[in-house]
Amino acid sequence: MTRLFYCLSFIASILFISCNSTETAATTGVTKKDWDEADNQQVYLYTLTNKEGDVVTISSYGGTITSWVMPDKNGNKSSIVMGFDSITQYLEHPPYFGALVGRYGNRIAKAQFKLGDSVYHLAANNGPNSLHGGLKGFDKIVWDVSVPDSTTPSITLKYVSKDGEEGYPGNLNVTVVYTLSDDDGLKIDYTATTDKPTPLNLTNHSYFNLTGSPKNSILDHTLMIDADAYTPVDSTLIPTGELKAVKGTPFDFTTAKKIGRDIDSVPGGYDHNFVLNKKDTSLQKVATLSDSVSGRQLDVYTTQPGLQFYTGNFLDGKFVNRDGSPLNLHTALCMETQHFPDSPNQPAFPSTILKPGEVYHNVTEYKLSLIK
Ligand code: GLA
């Protein structure tokens with residue numbers, strides 16, 4: 001009898017350990033799986049897991065962050081970036097969901113710019129302007145991905161953009177490193193070199209909803225942006241050139257406020273570049289987004305001078321998030337760290353021209369936590 005008891009308790013403890021270990025099965029590091037094909041190339045999906053068991057998935061197609069799963073204040077897990085589990089929706093070109101954007105994130109007026117003695121013509125894919133790198137920007141190519149160490153949640157993406165691609169000059173070598181830290185910081189480190197002068201403005205176009213579902217509007221999220229000025233735009237969303245003070249306008253996010261508070265006074269919603277207060281190119285905190293329902297908070301750190309705050313004004317329900325909820329107006333938002341829109345045509349804006357011999361280097365970190 002005693003022997004039977006010991007025997008049963010031994011089996012029970014084995015079962016307990018194995019059940020438990022299934023729950024905590026996530027191993028820190030990177031795993032890779034075949035996802036599908038795009039552009040006649042194999043596409044892989046990389047899963048980055050940190051010591052907390054929080055998980056980011058990134059596709060080699062577009063260098064796209066497809067999900068970032070972290071528990072809310074009640075321990076319920078969901079992805080705070082909106083996206084899809086299958087590549088099919090990505091191949092239908094949802095507007096830059098989670099993707100790396102280049103060569104030039106944001107707009108270039110009249111789809112052209114002058115550099116030296118030459119005028120370069122780009123695809124006019126946004127009214128008269130060129131948007132986010134043209135017809136086949138860095139969001140629609142398959143990146144070459146390597147995993148330096150599978151026990152560290154970090155991957156390196158490379159792409160060589162050929163001289164003349166999408167109308168831009170110079171062979172451009174781009175490297176992007178994504179790293180997930182144990183304290184839930186997702187760092188995106190961009191470097192690039194060129195053999196001819198070229199405009200360059202790299203960013204990531206993740207759509208955030210801290211509740212984890214587009215069922216909930218982002219108008220109830222609270223946002224702080226450390227910017228005393230923004231760049232007003234014309235009817236085609238090209239900056240007028242003015243740096244306008246936010247004080248006394250709906251663009252004042254210097255003190256945290258609900259995104260929905262003043263949005264009705266901004267025709268179409270927010271889709272504007274904020275001139276960050278930071279005075280140098282060091283990595284600094286520039287924005288804090290929070291949501292009291294989920295208890296989640298997202299801090300944005302960057303080396304860049306600008307932040308395009310976009311309230312999903314063109315989302316119309318055509319795409320359906322992984323939880324089955326349609327992505328409608330104002331159900332997700334973007335905080336695209338970058339240089340100012342149309343800089344190649346605006347000499348007063350900080351330069352975006354990368355020259356041969358120089359190394360482009362920018363870092364942005366999105367840091368997720370629970371509100372303290
Ligand atoms: C950026 C632009 C927006 C829109 C989205 C994609 O945020 O500023 O105007 O084009 O990309 O839909």
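A residue is called buried here if 20 or more other C-beta atoms lie within 10 Å of its own, exposed if 12 or fewer do, and partly exposed in between, with C-beta atoms placed from the backbone. By that count, buried residues make up 42% of the 372 residues in the protein. This is a predicted model, in which local features need pLDDT of at least 70 and side-chain atom pairs count only at pLDDT 80 or more, while totals for chains, interfaces and linings use all residues. Residues are numbered from 1 along each chain as its sequence is written.

**Overall build**

- The protein has two helices and 27 strands; these are DSSP runs (helices are H or I with at least four residues, strands are E with at least two), numbered from the N terminus.
- The radius of gyration is 22 Å, close to the 21 Å of the globule rule for 372 residues, so the protein is as compact as a globular protein of that length. For reference, the radius is taken over C-alpha atoms, and the rule is 2.2 Å times the number of residues to the power 0.38.
- The C-alpha trace spans about 95 × 45 × 40 Å along its principal axes.
- Among contacts with a separation of 6 or more, 65% join residues 24 or more positions apart; two residues are in contact if their C-beta atoms, placed from the backbone, lie within 7 Å.

**Strand pairing**

- Strands of a sheet pair through backbone hydrogen bonds, either parallel or antiparallel. Here, two strands pair if DSSP finds at least two bridges between them.
- E24 and E25 run antiparallel and are joined by five bridges, and glutamine 308 has glutamate 336 in E25 as its bridge partner.
- Strand E27 (residues 360-370) pairs antiparallel with strand E14 (residues 185-194) over eight bridges, where aspartate 189 stands opposite valine 363.
- E27 also pairs antiparallel with strand E23 (residues 296-302), over seven bridges; there, arginine 296 faces leucine 370.
- Strands E8 (residues 112-115) and E9 (residues 118-121) pair in the antiparallel sense over four bridges, with lysine 114 opposite valine 119. The two form a hairpin with two residues between them, and glycine 116 in the turn has a positive phi of about 60°.

**Around the ligand**

- The residues around the ligand are Pro95, Tyr96, Asn106, Leu131, Leu237, Asp271, Gln308, Tyr310, Phe314, Cys334 and Glu336; a residue is near the ligand if its C-beta atom, placed from the backbone, lies within 6 Å of it.
- This shell divides into seven nonpolar, two polar and two charged residues. In that scheme Ala, Val, Leu, Ile, Met, Phe, Trp, Tyr, Cys and Pro count as nonpolar, Asp, Glu, Lys and Arg as charged, and the others, Gly among them, as polar.
- E24 and E25 each supply at least two residues of the shell.

**The nonpolar core**

- Of the 79 residues in the largest nonpolar core, Phe208, Ile225 and Leu307 touch the most other members. Such a core is a set of buried Ala, Val, Leu, Ile, Met, Phe, Trp, Tyr and Cys residues joined through C-beta atoms within 7 Å.
- Isoleucine 225 touches Phe253, Phe274, Val286, Ala287, Leu307 and Phe309, not counting residues up to four places away in sequence.
- Leucine 276 sits in strand E21 (residues 271-276) and counts as buried, with 21 C-beta neighbours inside 10 Å.
- Leaving aside neighbours within four places in sequence, the contacts of leucine 276 are Asp226, Ala227, Val286, Pro305, Gly306 and Leu307.

**Backbone spots to check by eye**

- Most residues other than glycine have a negative phi, and most peptide bonds are trans.
- Tyrosine 96, in the loop between H2 and E6, has a positive phi near 65°; this residue is buried, with 26 other C-beta atoms within 10 Å.
- Histidine 93 lies in the loop between helix H2 (87-91) and E6 and has a positive phi near 60°. With 13 C-beta neighbours inside 10 Å, histidine 93 is partly exposed.
- The peptide bond from glycine 102 to arginine 103 is cis, with omega near 0°; arginine 103 lies in the loop between strand E6 (100-101) and strand E7 (107-108).
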